[in-house]
Amino acid sequence: MMTREEALAYGMSFYNVYEEKPFRDPNWQLVRIKGSKKTFLWIYEREGYNNLNVKVNPEWGVVWRSAYEAVTAGYDLNKEHWNTIILDGNGRWAKAKGMPR
């Protein structure tokens, strides 16, 4: 299973980004683009699993969800622009690593 630290390191591997913890709840970590402050990755734990909310192109959101069982509509976000990857320990997330755009 990917750990929170590995998920954060993957998000931080993109150019010109930074981590932010904007809520009083330490469960939530965001990766944002410097300058615009746009968020493209949320990292949090829900129901015992690490989850990643990733920003996706709308035309690909449904494709990812239908192709991978561990990918669902974005939890607590706009379902058209966000997908959630549930890191449930079976390695299915690795195929979905190309999702963030």
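# Strand pairing and salt bridges in a predicted model

From the N terminus on, the elements of the protein follow the order α-β-β-β-β-α-β-β; the model is a predicted one.

Q: How many helices and how many strands does the protein have?
A: The elements, taken from the N terminus, run α-β-β-β-β-α-β-β. Counted by type, they amount to two helices and six strands.

Q: What share of the 101 residues in the protein is buried?
A: A residue counts as buried when its relative accessible area is under 20%. Applied to the 101 residues of the protein, this cut-off gives a buried share of 37%.

Q: In which sense do strands S1 and S2 run, and which residue of S2 is the bridge partner of Glu 20?
A: Strand S1 covers residues 17–20 and is joined to S2 by four bridges, the two strands running antiparallel. Within this pairing, the partner of Glu 20 in S2 is Leu 30.

Q: Which residue of S3 is the bridge partner of Val 31?
A: Strand S2 also pairs with strand S3, which spans residues 39–46, and this pairing is antiparallel over four bridges. In the hairpin of S2 and S3, five residues stand between the strands, and Gly 35 takes a positive phi near 90°. On the S3 side, the bridge partner of Val 31 is Leu 41.

Q: How many of the five residues of strand S2 are buried?
A: Strand S2, residues 29–33, has bridges to S1 and to S3. The strand is mostly covered, and the number of its residues that are buried is four.

Q: Is Arg 32 buried or exposed?
A: Arg 32 is placed in strand S2, and its contacts beyond four places in sequence include Asn 16, Val 17, Tyr 18, Pro 22 and Phe 40. Because its relative accessibility is 17%, and the cut-off for a buried residue is under 20%, Arg 32 counts as buried.

Q: Which residue's backbone oxygen lies 2.9 Å from a polar atom of the side chain of Arg 32?
A: Among the residues that Arg 32 touches, not counting those up to four places away in sequence, are Lys 37, Lys 38 and Thr 39. The backbone oxygen that lies 2.9 Å from a polar atom of the Arg 32 side chain belongs to Lys 37.

Q: Which residue forms a salt bridge with Arg 32?
A: Side chains of opposite charge can pair when their charged atoms come close. In the salt bridge of Arg 32, the closest N and O atoms are 2.6 Å apart. The partner, which counts as partly exposed at 27% relative accessibility, is Glu 20.

Q: Which residue forms a salt bridge with Glu 47?
A: Two salt bridges are counted in the model, and in the one that involves Glu 47 the closest N and O atoms are 3.7 Å apart.

Methods: Residues numbered from 1 in each chain as written. Predicted model: local features only at pLDDT ≥ 70, side-chain atom pairs only at ≥ 80, totals over all residues. Heavy atoms only, no water. Buried < 20%, exposed > 50% of the residue type's maximum accessible area, 1.4 Å probe, protein only. Pairing = 2+ DSSP bridges. Polar contact = N/O pair within 3.5 Å; in protein donor to acceptor, adjacent residues only side chain to side chain. Contact = heavy atoms within 4.5 Å. Salt bridge = Lys/Arg side-chain N within 4 Å of Asp/Glu carboxyl O.
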